[in-house]
Amino acid sequence: MKMLVNILVLSLAVTLTHAIACTPGVCSLVRCAAVTEDNCDGRVARNGGFCGCCDLCVRQLNKGESCIEAFLLGLSMPASSECGAGLTCNSQTHICEELLLSKRADPQTCQERLQQLQSGVHLLGQFLPTCAQDGTYAARQCHGSVCYCVDPSGVKIADYSASIGQSADMNCQCARDQYAYLQTGLIGKMFSCEDNGNYRKYGCTGSVCYCTDSLGQQLADSPTVNIGDLATLNC
């Protein structure tokens with residue numbers, strides 16, 4: 001019975017892949033339901049719905065829950081569920097499992113992992129990582145309709161993601177810097193990150209705030225304001 005359900009879901013995903021086309025002006029034909037933190041039992045993905053027209057409530061799956069529907073439908077249309085923070089969808093069992101953290105059993109570089117996957121049997125919906133020039137994992141990884149931030153070894157950095165349609169300028173620099181800092185065990189440094197992992201256009205040191213560049217560095221000509229007057233800072 002379970003196999004039959006999986007086959008039906010697979011067939012639906014293939015059909016939708018060919019049927020859905022995000023044409024110019026399509027959003028004018030779509031009526032969006034109001035999605036807020038109050039009525040969403042999960043993560044609110046801004047512009048994460050069909051063709052990026054509407055906000056989407058994405059239910060967070062727990063460890064051991066089936067993620068096959070999200071795994072397959074994410075190819076052609078936004079999935080309404082995903083494995084929660086610290087979890088990943090196993091491409092073989094389609095079950096949410098814990099992410100391997102920094103000292104992982106698999107020492108492969110991103111390039112080695114990519115070559116291994118490309119040399120094997122290609123599965124519908126299989127995640128293929130994006131690699132940096134040095135062989136590590138690129139900061140931004142995308143699977144289905146969602147892009148998210150990872151550290152150089154491929155560990156997902158929780159809470160930083162965006163729909164694929166909103167990820168063109170996503171560099172995850174702030175998410176990576178914050179993650180690396182937290183791994184040192186130090187405290188006290190503040191990071192102003194956007195939801196997609198980029199640095200905000202401003203940063204603060206203590207009670208003083210200023211405009212920053214894409215690397216979080218203070219702009220040379222930026223004025224400074226007290227944190228209580230942050231709203232007056234025009235970056």
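How many bridges join strand β7 to β8, and in which direction do the two strands run? Four is the count: 4 bridges link β7 (residues 146-150) with β8, and the strands run antiparallel. Strands pair if DSSP finds at least two bridges between them. The model is predicted, so local features need pLDDT of at least 70 and side-chain atom pairs count only at pLDDT 80 or more, while totals for chains, interfaces and linings use all residues. Residues are numbered from 1 along each chain as its sequence is written, and side-chain values use heavy atoms, with hydrogens and water left out.

The secondary structure of the chain comprises 4 helices and 11 strands. Helices (H or I, at least four residues) and strands (E, at least two) are DSSP runs, numbered from the N terminus. The chain has 235 residues, of which 35% count as buried. Buried means under 20% relative accessible area, exposed over 50%, and partly exposed in between, with a 1.4 Å probe and protein chains only. Among contacts between residues at least 6 apart in sequence, 38% join residues at least 24 apart. A contact means heavy atoms within 4.5 Å.

Strands β7 and β8 belong to an open sheet of 3 strands, in the order β6-β7-β8, with antiparallel pairing. Its edges are β6 (140-143) and β8 (156-163), each pairing on one side only. Neighbouring strands of this sheet are turned by 30° against each other on average, direction ignored. Val-150 stands opposite Lys-156 in β8.

Helix α4 (residues 173-183) lies across β7 and β8. The helix runs at about 170° to β8. Axes are lines fitted to C-alpha atoms, for helices over the stretch in contact, and angles run from 0 to 180 degrees between N-to-C directions. Buried residues in α4 are Cys-174, Ala-175, Arg-176, Tyr-179 and Tyr-181. Their cover includes β7 and β8. An α-helix has 3.6 residues a turn, so residues three or four places apart point the same way. Just after α4, Gly-185 takes a positive phi of about 85°.

Another open sheet has 3 strands in the order β1-β2-β3, and here the pairing is mixed. The edge strands are β1 (43-45) and β3 (81-83), each pairing on one side only. The twist averages 35° from one strand to the next. Strand β2 (residues 56-61) is joined to β3 by 3 bridges, and these two run parallel. The bridge partner of Arg-59 in β3 is Ser-81.

The loop between β1 and β2 holds Gly-49. Is this residue buried or exposed? Gly-49 is buried, because its relative accessible area is 8%. The C-alpha atoms of Gly-49 and Ala-79 are separated by 8.4 Å, although the residues are 30 apart along the chain.
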